[in-house]
Amino acid sequence: MKKYKPLVTFVIPSYNHIKYVEKSIKSVCEQTYENLEVIVIDDGSTDRSHELITKLQQKYGFIYAHRPNKGLIKTLNEALEIAKGEYFCWGGSDDIFLKDKVEKQVEFFETNPDFVLCYGRMVFIDENGNIIKEAKTKYNKSGYIFDQLMYRCFITLPTVMVKTDILKEFGFDSNYFLEDYPLWLKIAKKYKIGFLDEQLTYYRLHGSNVSNNLDKMVIEVNRILDLWQNEHIYQKAISYWYYRWFCDLSKHNNLILTKI
């Protein structure tokens, strides 16, 4: 008897990543897992990404949409509306996904049905694909991890797989430019999250990464945490974030931001 393989939706939102998008799409379309729905949405790229993705679509047959720029959050919600998979993954069009990422995560869910989100290990690479280092794993936790997430966002987005019905329960919040941290907190408040101790994704570091804008990140994370001011852990958590921000910002001559 053939084992049931649930449909998995894998979304790649693309914007001006012509240098990287082909490797990203190939790494998804060539997954070892067979029952895969791949959705690529080009968010109004101006660098000829559209022409390249069109050729890849003809080769691999994935769902493809190209339209004017709407921003990342609206792009992800657009993909979520049409997603048919039982599970949902997404990642940057500059990231590379290990070929057995989906297979390993589906196996995790099938053996751990009480978890709704699964994440794993990630390796940083440079613009040319050279390995820099592995992301820290010492903070990674499984189970009901809301309190731990209040102190640090340790879930690595490109490694995530989540049950689609849970993701649709919350959606991606357009009030923030970060699609991940507000979502992790909402999910973790109600459900169990699992850490899979397997390498799943190569995350590319380059000048346009949002995480490189420290000033913007400080203000955004502060806004996100403000939603949870009534939690018993809030004061300790925000104090810890302030300490980390102070240390980081002092290295960048931006001490004024530590006053927020």
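Residues are numbered from 1 along each chain as its sequence is written, and side-chain values use heavy atoms, with hydrogens and water left out. Because the model is predicted, local features need pLDDT of at least 70 and side-chain atom pairs count only at pLDDT 80 or more, whereas totals for chains, interfaces and linings use all residues.

Helices (H or I, at least four residues) and strands (E, at least two) are DSSP runs numbered from the N terminus, and two strands pair if DSSP finds at least two bridges between them. Strand β6, residues 115-125, pairs with strand β7, residues 131-134, in the antiparallel sense over 3 bridges. Isoleucine 125 stands opposite isoleucine 131 in β7, and in this hairpin, with 5 residues between the strands, glycine 129 takes a positive phi near 90°.

In helix α4, residues 101-111, the buried residues (under 20% relative accessible area, with exposed over 50% and partly exposed in between, for a 1.4 Å probe and protein chains only) are Lys101, Val102, Gln105, Val106, Phe108 and Phe109. They lie on the same side of α4 because they cover an arc of only 155° around the axis, the arc being that of the directions from the helix axis to the C-beta atoms.

Rings of Phe, Tyr and Trp (its six-membered ring) pair if their centres lie within 6.5 Å, and planes under 30 degrees apart count as stacked, over 60 as edge-to-face and the rest as tilted.

| Ring pair | Centre distance | Plane angle | Class |
|---|---|---|---|
| Phenylalanine 146 and tryptophan 228 | 5.0 Å | 65° | edge-to-face |
| Tryptophan 241 and tryptophan 245 | 5.7 Å | 45° | tilted |

The pair of phenylalanine 146, in helix α5, and tryptophan 228, in the loop between α8 and α9, links distant parts of the chain, 82 residues apart. Phenylalanine 146 is buried, with a relative accessible area of 5%, and tryptophan 228 also counts as buried, at 14% relative accessibility. Tryptophan 241 and tryptophan 245 are both buried; because they are 4 residues apart in helix α9, about one helical turn separates them. Ring pairs also link Tyr87, Phe108, Phe109 and Phe115 into a cluster.

A charge sits over a ring if NZ of Lys or CZ of Arg is within 6 Å of the ring centre and within 35 degrees of the ring normal. The charged end of arginine 244 sits over the ring of tryptophan 241, 4.7 Å from its centre, while lysine 216 lies over the face of phenylalanine 177, at 4.5 Å from the ring centre.
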